[in-house]
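Please examine the sequence and the three-dimensional structure shown below before reading on.

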Amino acid sequence: MSSEIAQHKNGQPEASHQFAVHRNGNGGSSSHRAAVLVVEDDVIHRTVVSHWLNKAGHNVTCVETGEAALDAIKANAPDLVLLDIQMPGISGIDVLERVREHHDLMSLPIIMTTSLSGSQEIAHALDSGANDYVTKPLDGRVILARVNSQLNLRARTHEVLKMRNQLAEQYERLAELDGMKESLMQMVVHDLRNPLTSILGYVELTKREEAKEKGDPYRFLPAIEAGCSTLLQMVTGMLDLTKLEAGTMELKLEPVALGPLLEEVHDCLGGHAQEKSLSISVDIGSDAASVNADREILRRVFVNILDNAVRVSPRGGSISVRSARSGGDVRVEIEDEGPGIPQEAHARVFEKFGQVEMWREEDRPSTGLGLTFCKMAVEAHNGSIGLESEPGHGCTFWFTIPE
Amino acid sequence: MAERILVVDDDEPIRNLVEAVLEDEGYEVEHAESAEEALSKSGRWSLLITDYRMSGASGLALAGALKEEDPELPVILMTAHSDAATKREASQLGVRAFLAKPFDLDALVADVEGALRFRQDRTVNRRRAGSGDGSLEQAAGGGW
């Protein structure tokens, strides 16, 4: 059911008849068989009309009274109705009005047939929602032309409605993405505030220190420097993510020895890991000691994953980094003893908007876009990335890079 | 007796910054990197300064838990971004002040002084009102 029709439901009175709505897949195009209901008390007219419609390939059902017409439409809505105005019992106009009361049948094409030359009846029918009319004596060719014209019109309307619905869906998806981007912005700004707060704070403290008699204005320089490095790392990460997404990041592939690289990364994380008394063990397989990669990008992949591991690790915990050969690839695993990641979040951890969603849903600090960067960076190397984790039992991030 | 202030933030530089500022002002400061660590510390606090979003329990949850033991404990909430709903929830819990990151150190000190003074005034008023009157005590408890 199209949303166009569904929208009319609000505020509509309950229809007296509940109609089953049947739609042809083809929307009733004239070149296909259409289900046509002929409502006509006169046997000769009925015969003539069905003859022409049958000949044109339509699937014709005939009824003789208004009541029978309403029952037939209720049981299975046709593609088009040819409806006589003057009938014993319920008149054609009554039938028309009852059908049009039902929102699902607003667009059912109804052509009135009338032996009356009175323009008042015709005008009344058209006002009540008839699509067209033909006058008796009935001319087969004219009826067929009118029927086809209405069926064509309906097919076009359906196409337009379908496109409208597609557009509405696309709009919704775009609006959702736009909302995600908005949240992403908020998350990024949020993340930038902490280092900015500490930098500005320590600058202010430095000024106060300077004003003191025995103050040491250099006392806070390391803290300011650390804040700036954090900020720089975040900004660089974001810019690189943009480049990776746009496919404009150029990789400088070279053989990279994992041992020295990990020592560098370890030095970079040293402070935080030491503060939490973490032990980081490195076990590099002899046949998995080197990969073909962009050294700087790979270094940042390690920094991001290890930074995350350090953050989630309990005080005094241990982190293990391993590399081993796996087919033509080198597989690296980084295992932490943190709280772990629930199964349902595994897929979202590496996704940009997944991070945003989790940040929106939980009152938690964001884990940033570091892991999103890792996924794109690893994939740019034709590798793959993933994680294994059970809540309460830590987490193992793994990635593979072709040798 | 020096005022004991508990500072809770999972961001180490911010924690150290707030601690350095307040120690400079002559307060006794303890810090924790999570709500859980904060709750494991013993003793009575004159004031709680906590970040809102942290790994594990939030700053508001921490404030609620500490206020169960000490309903008059003043709380200052540090946030990088606070929406109306958070502020409402916070004020229902009796959060004394919001410090939006990045914050001015003078504003931090002023908020801390204001919160501690308010607590002292309450204590003095309650003593003046006499020990048998529970109504004022209750009113004071709800105010924070």
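## Basis of the model

This is a predicted model, in which local features need pLDDT of at least 70 and side-chain atom pairs count only at pLDDT 80 or more, while totals for chains, interfaces and linings use all residues. Residues are numbered from 1 along each chain as its sequence is written, chains are lettered from A and ligands numbered from 1 in the order in which they are written, and side-chain values use heavy atoms, with hydrogens and water left out.

## The interface between chains A and B

In the interface, 25 residues of chain A are in contact with 26 residues of chain B; contact means heavy atoms within 4.5 Å. The size of an interface is often given as the accessible area lost when the parts come together. Here the buried area is about 2300 Å², and carbon and sulfur atoms give 52% of that area. Buried area is the accessible area (1.4 Å probe) that two parts lose on being put together, summed over both.

Four salt bridges are found across this interface, a salt bridge being a side-chain nitrogen of Lys or Arg within 4 Å of a carboxyl oxygen of Asp or Glu. A:Arg315 forms a salt bridge with B:Glu33, with the closest N and O atoms 3.4 Å apart. On the side of chain A that touches chain B, the elements that give two or more residues are helix H6 (140-211) and helix H8 (258-275) of chain A. H6(A) gives the most, with 14 residues. Helices (H or I, at least four residues) and strands (E, at least two) are DSSP runs, numbered from the N terminus. The residues of this side of chain A divide into seven nonpolar, seven polar and 11 charged; Ala, Val, Leu, Ile, Met, Phe, Trp, Tyr, Cys and Pro count as nonpolar, Asp, Glu, Lys and Arg as charged, and the others, Gly among them, as polar.

## A mixed sheet in chain A

Five strands of chain A form an open sheet with mixed pairing, in the order E7-E9-E10-E12-E11. Two strands pair if DSSP finds at least two bridges between them. Strand E7 (279-284) and strand E11 (384-389) of chain A stand at the edges with a single partner strand each, so one side of each is left without a neighbour in the sheet.

E11(A) and strand E12 (residues 395-402) of chain A pair in the antiparallel sense over six bridges. A:Ser384 has A:Thr400 in E12(A) as its bridge partner. Helix H12 (residues 370-380) of chain A packs on the sheet and touches E11 and E12 of chain A, and its direction makes about 135° with that of E11(A). Axes are lines fitted to C-alpha atoms, for helices over the stretch in contact, and angles run from 0 to 180 degrees between N-to-C directions.

## A parallel sheet in chain B

In chain B, five strands form an open sheet in the order E2-E1-E3-E4-E5, and the pairing is parallel. Its edge strands are strand E2 (28-32) and strand E5 (97-100) of chain B, each pairing on one side only.

Strand E1 (residues 4-8) of chain B pairs with E2(B) in the parallel sense over five bridges. The bridge partner of B:Arg4 in E2(B) is B:Glu28.

## Backbone features

Most residues other than glycine have a negative phi, and most peptide bonds are trans. A cis peptide bond joins A:Lys136 and A:Pro137, with omega about 0°. The peptide bond from B:Lys101 to B:Pro102 is also cis, with omega near -5°. A:Ser277, a residue other than glycine, has a positive phi near 50°.
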